[in-house]
Amino acid sequence: MPEREYANTILIVDDSAVNRMLLCKIFANEYNTLQASNGVEALRILREYPNIDAMLLDIMMPKMDGYAVLEAMQKNPSFKDISVVVDTSADDTETQIKVLDLGAVDVLVKPFNPMVVQHRIRNIIMRREAGKQALQNALLTEQIHLLETDEKTGIYTRRAFVKRTGEMIRKDTEHTYVLIRWDIDRFKVLNDAFGMHAGAQYLKEVGVELKQKMAKGTTYGHLEADRFIVCMQQNKEKETAFIKAIETAVVRFLPSFKCVVRFGLYVINDPNVDVSLMCDRAQMALRSTKNNYSKNVAYYDDSMRTKMIEQQEIASEMEAALADGQFVPYFQPQYIYDKNQLHGAEALVRWIHPVKGVVSPAAFIPVFESNGFITVLDEYIWEQACRYQRKWLDEGIAIRPVSVNISRRDIYEPKLVSILTGLLKKYDLPVEYLRLEITESAYMDDSDQIISVVKQFRECGFAIEMDDFGSGYSSLNTLWKLPVDLLKLDMNFLSDGVHDDSRGVNILSSVVRMANWMHLPVLAEGVETKEQADYLKSINCLFMQGYYFAKPMPAKAYEKILMDSSEHDLIHSMELGKHDDSLSITAESALLKNAEKGAAIIEFDGKNIEILRMNDRFFEELGTTREEYMGKQLHVLDRLEEESRPLYLGAINRAIKSCKEETSEIRSLPFHENGKCFTTMNRFRLLAKSGNRFIIYVGVERV
Ligand code: C2E
Ligand code: CA
Ligand code: CA
């Protein structure tokens with residue numbers, strides 16, 4: 001073997017040393033050359049040197065001729081890529097066809113023209129090289145594709161997305177790009193709810209959707225779990241349209257899985273930032289919407305990064321702070337306004353930080369809620385509240401109920417109920433002195449879980465208060481069925497203040513009215529002015545908490561308020577609502593007041609009507625009985641003559657708009673086979689509104 005200096009090697013097989021020398025000379029400047037003087041030697045060299053690209057083969061040779069060499073080569077697959085050019089002095093077609101049949105790629109007839117030989121061989125080798133290269137490219141592309149494609153979704157993996165996006169945005173200096181990433185809430189429970197493969201199926205479908213829908217000049221990939229990301233040119237309208245399309249697709253893929261899709265966007269102002277960092281920032285934006293029911297899309301801004309650093313700091317200090325007693329309960333008094341009585345207090349945690357001073361829970365509760373520490377802290381605050389109640393009792397101070405906050409995370413703590421009953425036992429505290437606040441939005445997370453927990457609490461005697469009522473989307477209809485003992489309404493939701501005609505006031509008064517229908521006392525919190533307090537009183541909301549009365553305060557200060565309150569008004573606040581005359585306008589009594597007419601309360605969501613409650617007279621007016629009417633509440637419109645249906649809906653819509661009584665004469669279908677259609681006069685009046693659901697009072701009278 002000569003020293004390899006060229007890329008290609010050719011083997012020259014000829015029994016004539018002169019021929020071999022001649023050929024070697026022709027090729028010596030271009031290829032590595034090897035020589036064999038007969039077929040046997042040729043095959044040996046072929047086996048020995050696997051890198052031979054081409055062979056010039058003489059036909060007539062001693063020992064083993066060219067034909068035999070070609071036949072042997074055909075049988076050995078490792079020789080199949082070697083291009084064989086036969087050189088022969090026999091200028092007959094038969095020989096030429098025979099060798100071509102045996103796999104030779106070309107035939108040269110002696111005597112040679114050296115230039116022609118050189119060109120032929122060069123062409124053959126070049127063609128061969130090009131073919132090899134094309135094959136290699138195809139293999140490489142396939143391999144890259146496999147490496148870059150995520151198995152579950154068929155689209156880019158995280159790594160590939162980062163790489164490809166980087167290439168795309170750095171090449172295109174004309175446009176600004178934006179990253180949009182998204183995931184769905186409660187993805188982990190998807191398989192539990194819909195069977196083993198639901199999650200996997202979902203991921204696949206999103207992958208297919210993206211492949212079909214994404215235009216050129218975008219990249220998209222699957223990051224992990226249910227997290228997807230795309231990169232596209234910045235354009236507000238297109239971004240919004242894209243978000244809409246994804247939401248629609250998710251609903252289509254998971255029709256019966258009630259879920260929120262959350263989006264985080266990052267506008268790429270500097271394409272040289274590491275793309276994976278950009279992805280993290282989009283995630284920060286996304287995370288900023290978690291637990292928010294009214295917002296599911298956010299753009300990244302730098303304050304989010306600062307916030308995250310702060311949050312990490314908080315998380316790193318929390319355990320030591322708890323052990324060090326830096327978390328303390330503050331108490332904010334609650335009053336019964338018209339009686340000027342202390343009703344109780346809410347325990348609110350404060351972090352007395354050695355450097356930062358008093359830190360508001362708004363800064364750390366969300367962090368603890370996401371890292372789970374909240375359950376530890378809450379238990380500590382509950383215990384502190386019980387401990388103070390016991391201490392005051394022991395000191396002969398007349399105590400009032402204290403409400404403690406139960407975080408949405410606590411609901412999933414299996415020992416939750418026994419932890420709280422255990423505390424009552426440990427501090428020998430009657431259950432009336434500890435009330436539990438659960439935020440309305442927790443009811444939305446997993447209403448089955450929460451209803452079951454709340455039921456257990458109530459069986460143990462705890463009063464349950466629904467915190468932040470009105471902030472979420474709780475259907476008034478579900479509220480009807482939820483086990484709660486009091487609604488807490490935050491005045492801060494009334495951003496437009498207490499003016500007679502403001503929207504907020506309308507909502508507030510109708511919620512209070514509705515709560516009264518349902519025997520539910522309402523406590524307004526965040527009451528800051530006398531004007532607000534008076535207004536609340538005028539609409540029959542008498543329990544209040546807010547800066548107008550007192551700010552949250554340390555135990556010592558609250559203790560003083562307890563001692564200053566006279567003993568005798570204690571009984572009143574103990575059984576909240578039940579002994580209070582002003583709150584006894586219950587649904588039944590109000591309906592009974594109109595006993596001479598039929599009355600019902602319906603819920604309308606813009607499309608469907610459901611009857612929630614009706615009085616006895618209602619059935620009389622319709623010529624039916626309560627028993628017979630059962631099961632028909634959901635199909636109110638079906639009970640009407642076709643032409644009357646739009647009239648009924650029209651009157652409801654007018655009542656919603658005008659907030660006044662609206663009437664309509666309606667023809668109903670008979671309840672019995674031989675009965676006749678009949679006409680009733682219906683009076684509609686809006687009672688309450690939440691989101692796009694309306695509670696409406698309907699008076700019904702036979703005409
Ligand atoms: P929240 O349960 O709705 O508590 C009421 C918040 O309103 C308290 O904020 C209170 O200080 C504030 N507030 C009271 N009166 C007024 C007023 O007249 N005007 C205004 N603008 N605000 C008023 P705070 O203490 O900062 O607590 C914020 C939230 O942190 C609480 O909202 C609650 O969700 C949570 N939180 C507080 N302590 C605890 C706790 O021990 N455990 C849990 N899980 N959450 C807690
Ligand atoms: Ca609360
Ligand atoms: Ca609240």
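Some housekeeping before you click: residues count from 1 along each chain as its sequence is written, while chains are lettered from A and ligands numbered from 1 in the order in which they are written. Since the model is predicted, local features need pLDDT of at least 70 and side-chain atom pairs count only at pLDDT 80 or more, whereas totals for chains, interfaces and linings use all residues; side-chain values use heavy atoms, with hydrogens and water left out.

**Stop 1: ligand 2.** Select this calcium ion and show E346 (OE), N405 (OD1), E437 (OE) and D467 (OD), which coordinate it at 2.0 to 2.3 Å. Donors here are N, O and S atoms within 2.8 Å of the metal (3.2 Å for Na, K and Ca); water is not among the atoms, so sites may look incomplete. Along the chain, the donors of ligand 2 follow the spacing E-x58-N-x31-E-x29-D. Now colour E437 in strand 15 (residues 434-439) and D467 in strand 16 (residues 464-469): the pair sits 30 residues apart and links distant parts of the chain. Strands are DSSP E runs of at least two residues and helices are H or I runs of at least four, numbered from the N terminus. Both E437 and D467 are buried (under 20% relative accessible area; exposed is over 50%, partly exposed in between, with a 1.4 Å probe and protein chains only).

**Stop 2: ligand 3.** Keep D467 selected, as this residue bridges the two calcium ions, ligand 3 and ligand 2, which lie 4.0 Å apart. D468 in strand 16 and E525 in strand 18 (residues 522-525) are 57 residues apart.

**Stop 3: ligand 1.** Show its shell of 22 residues, among which Q332, R350, D378, E528 and Y547 come nearest (a residue counts if one of its heavy atoms lies within 4 Å). Next, draw some polar contacts (pairs of N or O atoms within 3.5 Å). A polar side-chain atom of R350 is 2.9 Å from a ligand 1 oxygen, and one of N405 is 3.2 Å from an oxygen of ligand 1. Finish on strand 12, which gives the most to this shell, with four residues.

Note on methods
A polar contact is a pair of N or O atoms within 3.5 Å; within protein, one must be able to donate a hydrogen and the other to accept it, and residues adjacent in sequence count only if both atoms are side-chain atoms.
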